Amino acid sequence: SMEAMLAALTAERKLFIPHIKAADLTHYQKLRAKKGGVAVTGVADGNCLSCGVMLPYRIVQQAEDDSTLCYCESCGRILFIL
């Protein structure tokens, strides 16, 4: 059921929180509040999946680097590569 999936994902999310830098977590929470609950979005074929903007190649390269957060220049969400 959808409720069971949500509960499982919420529990999994709680396991990751201690491993996130405090400043990054604060920024994520602010983005989430500002962006209707969606602070993180995927990148597919060079496009932001939330706003649809074609991202510059350098931004896509930065998003591929897991050591730093990268943001969509249009909608401001945190990017990850699918």
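User: Where is aspartate 45?
Analyst: Aspartate 45 sits in the loop that joins strand E1 (40–44) to strand E2 (47–48). This is a predicted model.

User: Is that residue buried or exposed, and what is its phi?
Analyst: Aspartate 45 has a relative accessible area of 75%, so it is exposed. Its phi is near 55 degrees, which is a positive value in a residue other than glycine.

User: Stepping back, how many helices and strands does the chain have?
Analyst: The protein chain contains three helices and three strands. Along the sequence they follow the pattern α-α-β-β-α-β.

User: And what does the C-alpha trace span?
Analyst: The C-alpha trace of the protein chain spans about 35 × 30 × 20 Å along its principal axes.

User: How much of the chain is buried?
Analyst: Of the 82 residues in the protein chain, 23% are buried. The accessible surface comes to about 5800 Å², and carbon and sulfur atoms account for 59% of that surface.

User: What share of the contacts is between residues 24 or more positions apart?
Analyst: Among contacts with a separation of 6 or more, 40% are made by residues 24 or more positions apart.

User: Which pair would illustrate that kind of separation?
Analyst: Tyrosine 28 and isoleucine 78 are 50 residues apart in sequence, and their C-alpha atoms are 8.0 Å apart in space. The two residues are also in contact.

User: Where is tyrosine 28, and what else is it in contact with?
Analyst: Tyrosine 28 belongs to helix H2. Leaving aside neighbours within four places in sequence, its contacts are Arg13, Ala39, Val40 and Ile78.

User: Buried or exposed?
Analyst: Tyrosine 28 counts as buried, because its relative accessibility is 18% and the cut-off for buried is under 20%.

User: Now leucine 55. Where is it found, and is it buried or exposed?
Analyst: Leucine 55 is in the loop between E2 and H3. With 7% relative accessibility, it counts as buried.

User: What is it in contact with?
Analyst: Beyond the neighbours within four places in sequence, leucine 55 is in contact with Val43, Gly46, Asn47, Cys48, Val60, Cys72 and Leu79.

User: How far is leucine 55 from glycine 37?
Analyst: Their C-alpha atoms are 22 Å apart in space, and the two residues are 18 residues apart in sequence.

User: Let us turn to charges. How many positive and negative side chains are there?
Analyst: The protein chain has 9 positive and 8 negative side chains. The centres of the two sets lie 12 Å apart.

User: How many salt bridges does a search of the whole structure find?
Analyst: The search finds one salt bridge. The side chains of glutamate 73 and arginine 58 form a salt bridge, with an N to O distance of 2.6 Å.

User: Which parts does that pair tie together?
Analyst: Glutamate 73 is in the loop between H3 and E3 and arginine 58 is in helix H3, so the pair ties together parts that are 15 residues apart in sequence. Arginine 58 counts as partly exposed, at 45% relative accessibility.

User: What about arginine 77? Where is its place?
Analyst: Arginine 77 is in the loop between helix H3 (57–64) and strand E3 (78–81).

User: Which side chain of opposite charge is nearest to it?
Analyst: The nearest one is glutamate 73, at 14 Å. Arginine 77 is buried yet has no salt bridge.

User: What does arginine 77 touch, then?
Analyst: Not counting residues up to four places away in sequence, arginine 77 touches Leu31, Lys35, Val38, Ala39, Thr41, Ser50, Cys70, Tyr71 and Cys72.

User: And lysine 21? Where does it lie, and is it buried or exposed?
Analyst: Lysine 21 lies in the loop between helix H1 (2–16) and helix H2 (22–34). Its relative accessible area is 58%, so lysine 21 is exposed. Its C-alpha atom is separated by 23 Å from that of valine 43, 22 residues apart along the chain.

User: Last topic: which residues form the nonpolar patch on the surface?
Analyst: The patch is formed by Val40, Leu49, Phe80 and Leu82, which together have about 370 Å² of accessible area.

User: Where does leucine 82 lie, and is it buried or exposed?
Analyst: Leucine 82 lies in the segment after E3. At 64% relative accessibility, leucine 82 counts as exposed.

Definitions and conventions
Residues numbered from 1 in each chain as written. Predicted model: local features only at pLDDT ≥ 70, side-chain atom pairs only at ≥ 80, totals over all residues. Heavy atoms only, no water. Helix = DSSP H or I, 4+ residues; strand = E, 2+ residues; numbered from the N terminus. Buried < 20%, exposed > 50% of the residue type's maximum accessible area, 1.4 Å probe, protein only. Lys, Arg positive; Asp, Glu negative; His and termini not counted. Salt bridge = Lys/Arg side-chain N within 4 Å of Asp/Glu carboxyl O. Contact = heavy atoms within 4.5 Å. Patch = residues over 30% accessible without salt bridge, like charges linked within 9 Å, V, L, I, M, F, W, Y side chains within 5 Å. Areas by Shrake-Rupley, 256 points an atom, 1.4 Å probe, with all protein chains shown as cover. Charge placed at Lys NZ, Arg CZ, Asp CG, Glu CD.
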